[in-house]
Each structure stands twice: as structure tokens, then as C-alpha cells.
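Here are my notes, as numbered points. Please read them with the structure open.

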Amino acid sequence: MCGIFGLFGKNASSIPAPLDLLSHRGPDGRGEWRSADGSTLLAHTRLAIIDLSAAGAQPMEDAETGNVIVFNGEIYNHQHLREELAGAGIAWRGNSDTETILKAYAVLGREVVSRLKGMFAFILYDAKTRGIVAVRDRLGIKPLYLVRYAGGLALSSEVRPLQRFFPQQPTPATLSAYLSLGACPEEEILFPAVESVPAGHWLIAQSDGTTKLERYWRPGYRPQVAGVSAHRRVRELLDRSVQEHLLADVPVASFLSGGIDSSIVTALAAQHMTGPVATYSVGFAQARFDETSTALEVARRYRTQHTRIELSEPEVIELVRKAVALMDLPSVDAINTFVVSRAVADAGIKVALSGLGGDELFGGYPSFKDAPRLRRIARVPASVRRWLVTLGGATARRLADLPDTLDIATLAAWRRVFWTADRLRAAGLPLREYAVDQLAPEFDDFARISWAELSRYMRHLLLRDSDQMSMAASLELRVPFLDHDLVEYVLSLPADEKTRYGGVKGLLVESCRDLLPEAVYERPKMGFALPMDDWIRGPLAEFSAEGLRLAEAAGLLPRAALDDLQRDFRVRALHWTRLWSVVVLGHYVSRRNQPKKDVPVFAR
């Protein structure tokens, strides 16, 4: 895992690369490359995972073609791809997956991306065309941001290194987008000049200054094969994915919360590793948030080297302040990842496995039941729904905002909206609609809800939080459930295959029941959550009040709207996430607006 940065256009090579702002993503090395014609700058900070030698350093140049690459991620099938290219007469210098991509591009061109399995974002200078291609993996696991400035393009793994190229003030529309989701949707980042290269896309920039985006992947429908058991095929695909995700020249650990997903990943990893797996869980004094007894049962079963992290009140305050300060983009839900990532990194670990993606694929969220109910409600005329608001109640007020659509994916996405229309209007912010990426007609409603969760909530919030908070601790986080072969297979299964076994994520549990203690799947789902409501009312009360004051001082929200938030939170009429999103935003924007030395702003 690494940090990448690139400039392309007029006088690109004369602009210094802000590698200090990416040093946390790659503390093991750094490098820069400039094209002879001055049109391109590529820079890289390295977290060495595969091929720890100098042969894996970046930027990496192909001596035969003159092509140059900076790459962030891991390609789990890169050795297999090397075997496929054996007849191409390639002279390999090292054993890194970066070199595999670079050499394969010379043979296959842009077709190479369809052959890659893994998580990736890279920028490649094509010496023949004197242009660049930038690509992001299918599910958007790895980030890649873009700013179009006067004279060229700037790209980076994070927004911070791009800050010299755009104004630092959010707009009402981007504020509304952030507060509605508790994170910045990729199509509307907090700063309007910043774009996100879409998942599953190429960005192609030509030497004449033209650019275009091309989509190279969307989930393909895979019809069921007669005689093939779905639960056995799920087990095969997941087992293969976990095995592939263990590829590394350094030790690999596992986040073990005690839930179904992380327990399965840990169990499968233990079966493929020659030594014990290092596992980590976070415990709390509040029993309703503590899953560590179940995690310990899994750890004992697989003889892992287990560490339970329990935080004292002073540690809570310190960690939360640090996590908020380290956010590349604000989020309502990133603290938990930072807590466990820092503990794992402090133990000398560079790579950890996560169970992220299991809920989205196998139906672990309430949205899988709620979205069909919302569609039934949406059939009621809007005038009747508005009349129901007069009867009072939080649910009635919420349903007044229900979109006038029967599209199940749109309704599932709407269910994730944090702020009601009334609250946005009271804050003087515009309302917005969210475009939902649609699957092919062959997919059923269960798959459409899955894809809405995967392509919106997971990508905009969970994956970004996982990346920015793990990399803030110089830790690579891997997500075996997001293997694209597994994703396409599960999406293609009919809904009755995923629900026939009953319980939460019944198909997944049935596929891996032999791996799990009963305590993992026989108890209510908890999730990896922190007791934030208690903390905001207690040890984080001062920090929260400060964040609200900073949000007002920055002109983000009016005093009256902030007073309403605080009042509703005090009487427990408001979920803590609604208040915390503003607290984080206030601290984030205040930090952004602090004077910076020697950071010129380039006109767009």
C-alpha cells in the first residue's frame, strides 16, 4: 500500500511533489520521476509489502518502452499473470506486482486491467502517446482523486496533496451532500473542484489536453449452473479469496470483532497460514458494545495470537482527537477503524484482513427488509403521506421525504440519508437527489439493494474510512469479501438462495457454519461500533461543543440550526451520528482554514 501523486499538463514538472503529505501512506521509501518534455510528474511513497527490495521501488520505469507507473494497492493474481506472459520474452527485474502491471501494459495495453484481481489505483505514463492513463479498481477499494487546474491535471491518493490547486471552502450543495450521508459522496466531494475517479473506470489524458473517462467494469450477471450448490460455491470463492489476500512478504494479521464476517475471514486465514494468525479486537466497559468474549472464543478455536484492546477515558479523548485531525475527508464513522489500526500498526504489523463487505453482499443490513416496505409505502400518494405528517411522530416526519419512486435501489439509498429535508431547510441548505448506479435487468431486488449498499454507503463511507484511517497508521487493510468474482457470483444468486436458511446472512452462515462457534451466529448482530453516544455526553462533551462552535464560526451552519441539534440530542430525540457529523466537520474545516506557508493556489 502506498501514496501516489501525479501531475500532467503544462509545466507539470516545475511543481514540487507534496510527498510529506503522503508520508504516512508510505514510510518505507519515496521517489519522483519527471518526463523530459516537462509534461508529467509522478511521485510515490512506499509501504513495502511485496518485494521489499529496491526492485520494487517507485516510480517504476520500463526500460524497453519508457512507460512509467506509480501504483497503490495489491494485485493478488500477479504471479499467475506473469506465467501467462511467459511467452512474451519479458526480462523481469524483481517480483513486485507493480512491475507485473507495467510489463503487462506493454503487451496487453489497457486490456491489462480486466486481468487484474485485487485492489488498485495507478497512474501510468505512456511514452508512445506521451499521455497518461489513471485507473481505479472495480469496487473502489482504493481511492484516486482528481483536480483540473489551469494548465493540467493533478491526481492523488488523498485530497490533502491537491489542496494547492483548489479553493478550501465548501458550498451549500456540498455541505448538504455531506450532512445527508455523514460522508462526502464521490460525485460531490466537500470541495467542488475535487473529483473522484469513479470505481471501475479509466481516465485517459492525451498530450493535446483532452481527457475522457471509460468504464471497464460493471457487475456481470452469472446464471446459476445446474447441480452446483450455492453455499458450497460461496465457500470455495471465499476460501480462495482469503488465501489470495494472504499474499505478502510481511506478516498478515486479522481484525476480529467477534461478528460473523471477521470470524469467517480469521478462520479461513488460519487454515492457510503456517503459523498462528495475529488477531485484534476492541473491548469496552459497556457490555452492550463489547463483543470480545465471542472474539476470544474464535481466537482460542484457531489458536491465534490474540490481543484485546480496551480504552481508558483519557485514551478515548486522545484517540478521537487524533483520528479527527488525521481525516483526509470528514466522516461520521471512522474512529473505530483508527483505534484498531493504530493498535495493530503499533505491534509492528503492516497488513490486516477485514470482514468489510459481508453485510452488503449477504443481506446483513436492515435495508434488505426495509426497502421493500418503503416501496409499498411509496405506492401511497404523496398527498396522503404529507397528511400523515400532521399526525406527528418522528417516523411520519421521516417518511414525508420518501422519494416518489418505486425503484428499490433508490429507496435503499434513501434509507441511508442522515438529515431530513426539514432539518436541511432549517439550516439553509439545498435538498438533493442521489443517482444510483443500476444493475442489468437480470438482477433481482435483493441484488439491487446489495449493489446500492456496495456502490454508495460502502464506497462513500466505509471504504474511504477504512483507507484513510488504516493508512493514517501506515497499515494496509485488505477486504476478501470484495473479490470481484465473489461479488458477481453472490449478486447473481436469486434472493431465495440468500434467505432460505433463515437468520442474518443465512447463506453465508450455511457456507461457513463448520468454521464458527454457535455464539457467533446465534446472537443478535452488533457490528463493530464504539459507545459514541455515551462518550459525546461524557468525556467528549467539550470536544463536541468546540466542533459545533467551529462550524458556526466558519459559517457552515446558522446558530439556530446548531441549537436545534444540541437540544434534540440532549433529550435523546436525535441519533448521535447527526450531531457528530457536524462536530467532525467543524474541526475539519477549521484545520483546513489555518494559514499554510508556501502553499500557492493555482487558478482553475
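1. Surface. The accessible surface of the protein is about 23300 Å². Carbon and sulfur atoms account for 51% of that surface. Keep in mind that this is a predicted model.

2. Burial. Of the 604 residues in the protein, 60% are buried.

3. Secondary structure and overall form. The protein has 23 helices and 17 strands. Its radius of gyration is 24 Å, close to the 25 Å from the globule rule for 604 residues, so the protein is as compact as a globular protein of that length. Along the principal axes, the C-alpha atoms fill a box of roughly 75 × 60 × 50 Å.

4. Contact range. Take the contacts between residues at least 6 apart in sequence: 73% of them join residues at least 24 apart.

5. A residue to check: Glu-360. This residue lies in helix H9, which spans residues 358-362. Is Glu-360 buried with or without a salt bridge? Glu-360 is buried and has none. The nearest side chain of opposite charge is that of Arg-416, 6.0 Å away.

6. What Glu-360 does touch. Its side chain makes a polar contact with the side chain of Tyr-365, at 2.7 Å. Tyr-365 is also listed among the contacts of Glu-360 beyond four places in sequence, as is Phe-368.

Note on methods: Residues are numbered from 1 along each chain as its sequence is written. This is a predicted model: local features need pLDDT of at least 70, side-chain atom pairs count only at pLDDT 80 or more; totals for chains, interfaces and linings use all residues. Side-chain values use heavy atoms; hydrogens and water are left out. Helices (H or I, at least four residues) and strands (E, at least two) are DSSP runs, numbered from the N terminus. Buried means under 20% relative accessible area, exposed over 50%, partly exposed in between (1.4 Å probe, protein chains only). Lys and Arg count as positive and Asp and Glu as negative; His and the chain ends are not counted. A salt bridge is a side-chain nitrogen of Lys or Arg within 4 Å of a carboxyl oxygen of Asp or Glu. A polar contact is a pair of N or O atoms within 3.5 Å; within protein, one must be able to donate a hydrogen and the other to accept it, and residues adjacent in sequence count only if both atoms are side-chain atoms. Contact means heavy atoms within 4.5 Å. The radius of gyration is taken over C-alpha atoms; the globule rule is 2.2 Å times the number of residues to the power 0.38. Accessible areas come from the Shrake-Rupley method with a 1.4 Å probe; for residues, only the protein chains shown count as cover.
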